[in-house]
Amino acid sequence: MLRFALILGLLSAVGPFAIDMYLPALPMIEGDLGASVAATQMTLTAYFIAFGLAQLVYGPWSDQVGRKPPLYLGLGIFAVATVGCALSPSIGWLIAFRAMQGLGGAVLMVVPRAIIRDRYTGVEGTKLMAMVMLVISVSPMLAPLAGSGLLLVGGWRLLFWAMFAAAGASLLVTAFAFRETLAPDMRVPINFANLRRGALVLLRDPVFMGLTMIGGFGMASFFVFLANAAFVYTDQFGLTPTGFSIAFAVNAIGFFGASQAAGPLGARFGMVAVMRNAIIGFALITAALTLVVALGGGTLYVIIAGLALGNACLGLVIPTTMVMALDDHGDIAGLASSLGGTLQMLVGGVMMVLSAQFFNGTALPMVAAIALCALAALGLSLWIMGRVGQPSAAT
């Protein structure tokens, strides 16, 4: 399982790598291209929305042809778009190529999740998902620091050439270190009737939809942080790109460190209990942090500590909801993974756009938006809790 997790983790890390290495450069891009903060944040929003929509294609396609062909195409698109980003002469072109990057990078979200479902379910699936997330965790801890170093050497365009190299390495991993996991007799032909039938099953399944949206609001809270943190830490607290990278790494450590406990805790106490308690903790911590910031107590260290604790709870929610949402849909795991991923990315993109309208250079709009996401996830969890583990009426 360890070697399998390492391969999937390396593939899955390319998408976060394209985000995390890029974050310290946002203020520099704003100045270099003469763009507004909102336009600069759109380079992230465009990536996430395209990332979400493209999953609707990769999931069903991988159910028909296997998991490797979509990986080849997606990584190829990502590589071409990355060159376009590096050569972009304006913020408009950068937004367009970032969207194209998202179209390619989406394959690295949906296909690895379907691969996990090909091999494992339940607690074992959660353990593997957590191991994959541990490998991915290298990206948010090291990528911003690497990005800061590259900014000093060659500016923000050099970051995209580094991403291009990562895409090339992932293509080599796919070609030589990964074996197909979807047997030919398990493949489902793509046609409108099958897609419609599978989509209706998923959309009518309150457990799948509830768990997907819980994870969606959890991910949305992290997307809000991604879009705003560089400006908050730079403008309000005067951190350098390196200082921001260190602060970001602390939050990432909280998230990915806690995710490693999801499997063992799920085995001991049950996955539903782990999810419920983690969401309650996430909501309480982020609500308390928002109150402290609103009352004037939002120092740099208070914000870093509060977000780290909240993200630690979130690290238990994300892998648990991902696995539980797919457990009852192994025959359409690719479609379920892609539809779930699309819904989650769209929720994240909408929350990023909404939070940008209230951004004023301080931490309050950011932490308030994160708390709203947490409260929405809590409300959904209270609604869905009694249904988890029961047979779906849709099936």
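Start by selecting I49, L53, L56, V57 and L346, which together form a nonpolar patch on the surface with about 380 Å² of accessible area. A patch here is built from residues with over 30% relative accessible area and no salt bridge, with nonpolar side chains (Val, Leu, Ile, Met, Phe, Trp, Tyr) joined within 5 Å and like charges joined within 9 Å. The areas come from the Shrake-Rupley method with a 1.4 Å probe, and for residues only the protein chains shown count as cover.

Before going further, keep in mind that this is a predicted model, in which local features need pLDDT of at least 70 and side-chain atom pairs count only at pLDDT 80 or more, while totals for chains, interfaces and linings use all residues. Residues are numbered from 1 along each chain as its sequence is written, and side-chain values use heavy atoms, with hydrogens and water left out.

**Around helix α4**

Colour helix α4, residues 37-65, which gives the most to the nonpolar patch, with 4 residues; helices (H or I, at least four residues) are DSSP runs numbered from the N terminus, as are strands (E, at least two). Within helix α4 you can pick out L56, which is partly exposed, with a relative accessible area of 38%. On this scale, buried means under 20% relative accessible area, exposed means over 50%, and partly exposed lies in between, with a 1.4 Å probe and protein chains only.

Next select D63 and R67, whose side chains meet in a salt bridge at 3.1 Å, N to O. The term stands for a side-chain nitrogen of Lys or Arg within 4 Å of a carboxyl oxygen of Asp or Glu, and a search of the whole structure finds 1 salt bridge. Are these two partners buried or exposed? D63 is buried, with a relative accessible area of 7%, and R67 is buried as well, at 1%.

**The aromatic rings**

Now show the side chains of Phe, Tyr and Trp, whose rings (for Trp, the six-membered ring) count as a pair if their centres lie within 6.5 Å; planes under 30 degrees apart are called stacked, those over 60 edge-to-face, and the rest tilted. By this rule the count comes to 15 aromatic pairs. One of them joins W161 and F164, whose ring centres are 6.4 Å apart and whose planes stand at 80°, so the pair is edge-to-face. Both residues sit in helix α10 (residues 157-176), where, being 3 residues apart, they are separated by about one helical turn. W161 is partly exposed at 37% relative accessibility, and F164 is likewise partly exposed at 38%.

Another pair to select is F225 with Y233, where the centres are 6.5 Å apart and the planes at 70°, so this pair too is edge-to-face. Here F225 counts as buried at 1% relative accessibility, and Y233 counts as buried at 0%.

**From N311 to the cysteines**

F222 leads on to N311, which, leaving aside its neighbours within four places in sequence, is in contact with F222, N251, G254 and F255, where contact means heavy atoms within 4.5 Å. N311 is found in helix α16, residues 300-326, and is buried, with a relative accessible area of 7%.

How many disulfides does the structure hold? There are 0, a disulfide being a pair of cysteine sulfur atoms within 2.5 Å. The sulfur of C313 is 15 Å from the closest cysteine sulfur, in C373, which is too far for a bond. C313 is buried at 14% relative accessible area, and C373 is buried at 0%.

For the last stops, select L354 in helix α17, a partly exposed residue with a relative accessible area of 44%. L354 and A369 are 15 residues apart in sequence and 8.7 Å apart in space, C-alpha to C-alpha.

Finally, move to F359, in the loop between α17 (333-356) and α18 (364-384), where F359 is buried with a relative accessible area of 17%. Not counting residues up to four places away in sequence, F359 touches V37, N228, F231, V232 and P365. F359 and A38 are 321 residues apart in sequence, yet 8.7 Å apart in space, C-alpha to C-alpha.
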